Amino acid sequence: ITEDSTAADTQPAFSPDGERVAFRSNRIGGRGIYTISATGENARRVADFGFHPAWSPDGKEIVVSTEGKEFPDFRNPKASELWIINLETGTKRLLTSNDAMQPAWSPDGKFIAFWFYPPNVGRRDIGIVSVSGGEPFVITKDGTTNWNPVWSPDGKFLYFASDRGGNMSFWRVMFETGKITGEPEAVVTPAKH
């Protein structure tokens with residue numbers, strides 16, 4: 001849908017209604033976050049910064065991180081913030097400055113999950129913060145690498161990748177009435193023998 005672009009257009013995310021796509025672009029003189037129709041018309045820059053856009057369930061806002069790590073190998077030179085952008089007005093609001101990346105908006109619209117580097121700790125953790133702000137709730141405090149959170153469509157589980165069992169694999173935690181209700185559990189995936 002961006003075949004006319006000569007720049008790297010990456011990190012696409014469909015809007016909840018499937019009509020638009022938000023993405024990161026490295027266009028010269030126009031780097032940042034864009035939206036475009038799912039058929040490739042009406043590309044519009046909505047922010048001159050940002051990585052890994054995630055839509056609010058109502059499609060009116062997106063959340064982005066200020067740093068764009070694809071893999072959790074090294075700490076960022078500066079902490080990555082999360083910002084919420086209103087797509088109609090262009091208003092931007094700082095959500096957290098806890099070195100947060102790859103945000104994921106909960107299906108009920110109340111929370112945003114992310115992975116981050118806690119200060120003075122050599123691991124990567126998963127956190128959740130209310131869309132109104134405040135202190136994040138840290139879900140993981142073990143393993144070396146916990147990252148890439150994704151909500152289940154019903155919002156009852158938060159899935160993430162972790163090496164807490166020794167090898168990198170999928171894990172999930174149950175999420176009910178705004179809090180985690182249990183310990184992370186491994187998600188068994190099929191494998192060839």
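Student: What does R172 count as at 23% relative accessibility?

Tutor: R172 counts as partly exposed. Buried means under 20% relative accessible area, exposed over 50%, and partly exposed in between, with a 1.4 Å probe and protein chains only.

Student: What kind of model is this, and how are its residues numbered?

Tutor: It is a predicted model: local features need pLDDT of at least 70, side-chain atom pairs count only at pLDDT 80 or more, and totals for chains, interfaces and linings use all residues. Residues are numbered from 1 along each chain as its sequence is written, and side-chain values use heavy atoms, leaving out hydrogens and water.

Student: Back to R172. Which side chain does R172 meet in a salt bridge?

Tutor: Start with the idea. Side chains of opposite charge can pair when their charged atoms come close. The rule asks for a side-chain nitrogen of Lys or Arg within 4 Å of a carboxyl oxygen of Asp or Glu. Here R172 meets E185, at 2.5 Å from N to O. This pair links distant parts of the chain: R172 is in strand 15, E185 is in strand 17 (residues 185–186), and they are 13 residues apart. E185 is partly exposed, with a relative accessible area of 36%.

Student: What is a strand in this numbering?

Tutor: A strand is a DSSP run of E, at least two residues, numbered from the N terminus.

Student: How many salt bridges does the structure hold?

Tutor: Three. One of them joins R27 and D9, at 3.3 Å from N to O. R27 sits in the loop between strand 2 (20–25) and strand 3 (32–37), D9 in strand 1 (residues 9–14), so distant parts of the chain are linked, 18 residues apart. D9 is partly exposed, at 22% relative accessible area. R123 and D125 also meet in a salt bridge, 2.7 Å from N to O.

Student: Is D125 buried or exposed?

Tutor: D125 counts as buried, because its relative accessibility is 0%.

Student: Now sheets. What is the strand order in the open sheet of four strands?

Tutor: Two strands pair if DSSP finds at least two bridges between them. Here the order is 9-10-11-12, and the pairing is antiparallel. Strand 9 (100–105) and strand 12 (137–138) are the edges, each pairing on one side only. Look inside the sheet next. Strand 10 (residues 111–116) and strand 11 (residues 125–130) run antiparallel, joined by six bridges. The bridge partner of A113 in strand 11 is I128.

Student: Which residues have the most contacts inside the largest nonpolar core?

Tutor: A nonpolar core is a set of buried Ala, Val, Leu, Ile, Met, Phe, Trp, Tyr and Cys residues joined through side-chain atoms within 4.5 Å. The largest one has 18 residues, and I128, I139, W151 and L158 have the most contacts inside it. Strands 9, 10, 11, 13 (146–151), 14 (157–162) and 15 (169–176) each supply at least two of its residues. Another core lies apart from it, with twelve residues, among them A100, I112, F116 and V129.

Student: What does I139 touch?

Tutor: Contact means heavy atoms within 4.5 Å. Leaving out residues up to four places away in sequence, I139 touches I126, I128, L158, V173 and I180.

Student: How many aromatic pairs are there?

Tutor: A pair of aromatic rings is described by the distance of the centres and the angle of the planes. Rings of Phe, Tyr and Trp (its six-membered ring) pair if their centres lie within 6.5 Å; planes under 30 degrees apart count as stacked, over 60 as edge-to-face, the rest as tilted. The count here is eight. F49 lies in the loop between strand 4 (44–47) and strand 5 (51–55), and W83 in strand 7 (residues 82–86), so the pair ties together parts 34 residues apart in sequence. F157 and Y159 have centres 6.2 Å apart and planes at 50 degrees, so that pair is tilted.

Student: Which residues form one aromatic cluster?

Tutor: F111, W151 and F175.

Student: Which ring has the charged end of R164 over it?

Tutor: The rule needs NZ of Lys or CZ of Arg within 6 Å of the ring centre and within 35 degrees of the ring normal. R164 sits over the ring of W171, 5.3 Å from its centre. R24 lies over the face of F51, at 4.1 Å from the ring centre.
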